[in-house]
Amino acid sequence: LARRNVEMQARLIDDLLDLTRVSTGKLQLNIETLDVHPVLDDVVDICQQEIDAKGIQIEKRLDAVDHSVQGDPVRLRQVFWNLVKNAVKFTPEAGRITIRTWNQPADVLDSGGPAARDRGRTLMVQVQDTGVGIKPEVLPRIFNAFEQGGDQVTRQFGGLGLGLAISRALAVMHGATLTADSEGAGRGAAFTLELRTVPPEVATERPTRRHVALAPAQQPMRILVVDDHADTARVLNLLLSRMGHQVRTAGSVAAAAAAMSAGRFDLLISDIGLPDGSGLDVMREARTRGLVNGIALSGYGMAQDIQRSREAGFAAHLTKPIDLAELRRAISQIGGTPPQP
């Protein structure tokens, strides 16, 4: 158990560092046939200490008859771990988490022609909790990177809001779907993964590799990231560095000015709300130093907010929580490389 726990933590760190590769599809999967039920048991074992500490009741209803799939065992385990870990995190003491599996009913299999028969060969895996729930306005963007369900949730529970984004990206790479459902704040949440099943006897002689290539990398840039949220700044630093850029971070207007005095940059990515002023001030200062390319990050995206950013000199205005695909497109446009779809 200790060894599996260490391996899972290491994989989480690796996924954090390589989130850009995951979100863009530049990730290689080692595909083989696996039985999902034992994997779910292992994931619960890994989380058992946290489950016991909060007195959470775990109910496993593994009712699926067909529960063999083709996928990357490590990456699918990561998806299940993210979902269970997320449920434990947001479920109060003495709450309940239900882990279910099922196949489509036989009557679906026997009606509706080939399409219905194909849909009958699916495995549904659901992790449902009695936790804080998801507000209706947050639900459509719950799989965005850095989405935590609002500032109050972030302050109470911490974290970066990356696990669900990683899980959705990995699900898509497996040809699966991952959906979220909640009746609202305080009503719990359910996350459901739908996977195509295969007969248990279908085993690969050796793992096959599935790889989605990226377009050629754009020209590396020197980027100054200004954000007073240390975790966000650190993750942006990691992600942009993994994309090949040279990155420096600052947490205030004064620190940004000092960084610009010490070196030259090709791009400014700045939060608007800073402890000693505004990102608008940083952009104006940058323009006096010859740095004309900037991307604004803000929790506000009304027309007047975007207009103020434009007037200050920002070429793009992105609304938090940050959508990594939008950020990548904005950087590509500024860097002269056509954005990826």
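## Strand pairing at β6

In this predicted model, β6 pairs with strand β7, residues 189-196, in the antiparallel sense, and the pairing extends over 5 bridges. Within this part of the structure, D181 lies opposite A190 of β7.

## The sheet

The two strands belong to an open sheet of 5 strands, in which the order is β2-β4-β5-β7-β6 and the pairing is mixed. The edges are formed by β2 (57-62) and β6 (177-181); each has a single partner strand, so one side of each remains without a neighbour in the sheet. On average, and with direction ignored, neighbouring strands of this sheet are turned by 10 degrees against each other.

## Helix α3 on the sheet

Helix α3, which comprises residues 36-53, packs on the sheet. The strands touched by α3 are β2, β4 (96-103) and β5 (122-129). The direction of α3 makes about 180 degrees with that of β2.

## Packing of α3 with α4

Two packed helices are described by the angle between their axes and the distance between the axes. For α3 and helix α4 (residues 73-90), the angle is about 35 degrees and the axes are 9 Å apart. The crossing of α3 past α4 is right-handed.

On the α3 side, the contact is made by V36, V39, L40, D42, V43, I46, C47, E50 and I51. On the α4 side, R77, F80, W81, V84, K85 and V88 contribute. Classified by residue type, the contact of α3 with α4 contains 11 nonpolar and 4 charged residues, with no polar ones.

Note on methods
Residues are numbered from 1 along each chain as its sequence is written. This is a predicted model: local features need pLDDT of at least 70, side-chain atom pairs count only at pLDDT 80 or more; totals for chains, interfaces and linings use all residues. Side-chain values use heavy atoms; hydrogens and water are left out. Two strands pair if DSSP finds at least two bridges between them. Helices (H or I, at least four residues) and strands (E, at least two) are DSSP runs, numbered from the N terminus. Axes are lines fitted to C-alpha atoms, for helices over the stretch in contact, and angles run from 0 to 180 degrees between N-to-C directions. Contact means heavy atoms within 4.5 Å. A crossing is left-handed if the near helix is turned anticlockwise from the far one by less than a right angle, and right-handed if clockwise. Ala, Val, Leu, Ile, Met, Phe, Trp, Tyr, Cys and Pro count as nonpolar, Asp, Glu, Lys and Arg as charged, and the others, Gly among them, as polar.
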